[in-house]
Amino acid sequence: SKENGKNGYSFFNADLSQEKVRKMTIEIELKKAIQKNQLQLHYQPKVDLRDNTIIGMEALLRWQHPELGWVSPVEFIPVAEETGQIVSIGEWVLREACRQNKQWQEKGYPPLTVSVNVSVLQFKHNKFVESVQKILAETALDTQYLELEITESIMQNIKESRKILNSLRELGIKISIDDFGTGYSSLHVLQQLPIDTLKIDKSFVDSLDSDTMNPMVKTIIDLGLNLNLTIVAEGIEYENQLHLLLEHGCTIGQGYLFSKPVAPGDFEELMNLTDMLP
Ligand code: C2E
Ligand code: CA
Ligand code: CA
Ligand code: CA
């Protein structure tokens, strides 16, 4: 009840389940995570499926807490979205990804595009474009080496989203629609959006478990190609999936078959390889 504290929670309340305690703990601890240097980015290579070379990387957020251990983004990102903390966390992610990418280029690695996940809440924040611009200036990363991964949920407000996307594209940044096919985007809307890439969700790639193409996957690839978009498949784990995707026109992919997301030091070793298949 409300009398029991400003959160309205009582520790004597029987309905304060283990799950709620965990969520509250995450919320409280997450507030200190940036300041305490507990956040890191790992990088997963994006691979040209025709020759198995690295053509980019996706930055994926990692949180290591002294008592909670590694907390999965699947668990803490939704909490951060609910509390609004995703705005400052997202800004940290963007800055760190751009800084790291610029540093790799300065070290002499061939320039690659880094893809950064952006949550809808962050995307719709009125200072988002401004903050992206500021971070690019600060880190001196050439804008062509940044791609933002956004989900289909931005289409809930198509007019507003298109304005934001246009501003980002004017800066020279690329836009990818992540987890494509799991949301509710209509073809009509898709055609109206200034985007560069469609990312086929892992669940579709998972369905390619033999040597037959899933017609849904084929449709997504054809749709993307017809709209002149780059098609990326995520979650490739088996060679047969790679071959099916390639055979049907999808030329870029990522997944455990090539590499899991790895710490920056290990990613440097991947960049030294000439073939991403073990
Ligand atoms: P996502 O953007 O769809 O990222 C792909 C997820 O699939 C990552 O999980 C990646 O590690 C995993 N993955 C990649 N290839 C394979 C594979 O072959 N097999 C399997 N089983 N998994 C694979 P991760 O890193 O746990 O991230 C989960 C989700 O958390 C992401 O899904 C994304 O929605 C969110 N996330 C991660 N980092 C950030 C971030 O910096 N900002 C925001 N807003 N969300 C993030
Ligand atoms: Ca993603
Ligand atoms: Ca995805
Ligand atoms: Ca996914």
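Predicted model: local features only at pLDDT ≥ 70, side-chain atom pairs only at ≥ 80, totals over all residues.
N117 in strand β4 (residues 113-117) and D178 in strand β6 sit 61 residues apart, so the pair ties together distant parts of the chain, strands being DSSP runs of E with at least two residues and helices runs of H or I with at least four, numbered from the N terminus.

Now for ligand 1. It has 21 residues around it, with Q44, R62, N117, E237 and Y256 the closest (near means a heavy atom within 4 Å). β2 (53-65) gives the largest share of this shell, four residues, while α2 (73-83) and β6 (174-180) each supply at least two.

As for polar contacts (N or O pairs within 3.5 Å), an oxygen atom of ligand 1 lies 2.7 Å from a polar backbone atom of Y256. The side chain of N117 places a polar atom 3.1 Å from an oxygen atom of ligand 1, and an N or O atom in the Q44 side chain is 3.1 Å from a ligand nitrogen.

A bit of bookkeeping: residues are numbered from 1 along each chain as written, with chains lettered from A and ligands numbered from 1 in written order. Local features need pLDDT of at least 70 and side-chain atom pairs 80 or more, while totals for chains, interfaces and linings use all residues, and side-chain values use heavy atoms, without hydrogens or water.

Methods:
Polar contact = N/O pair within 3.5 Å; in protein donor to acceptor, adjacent residues only side chain to side chain.
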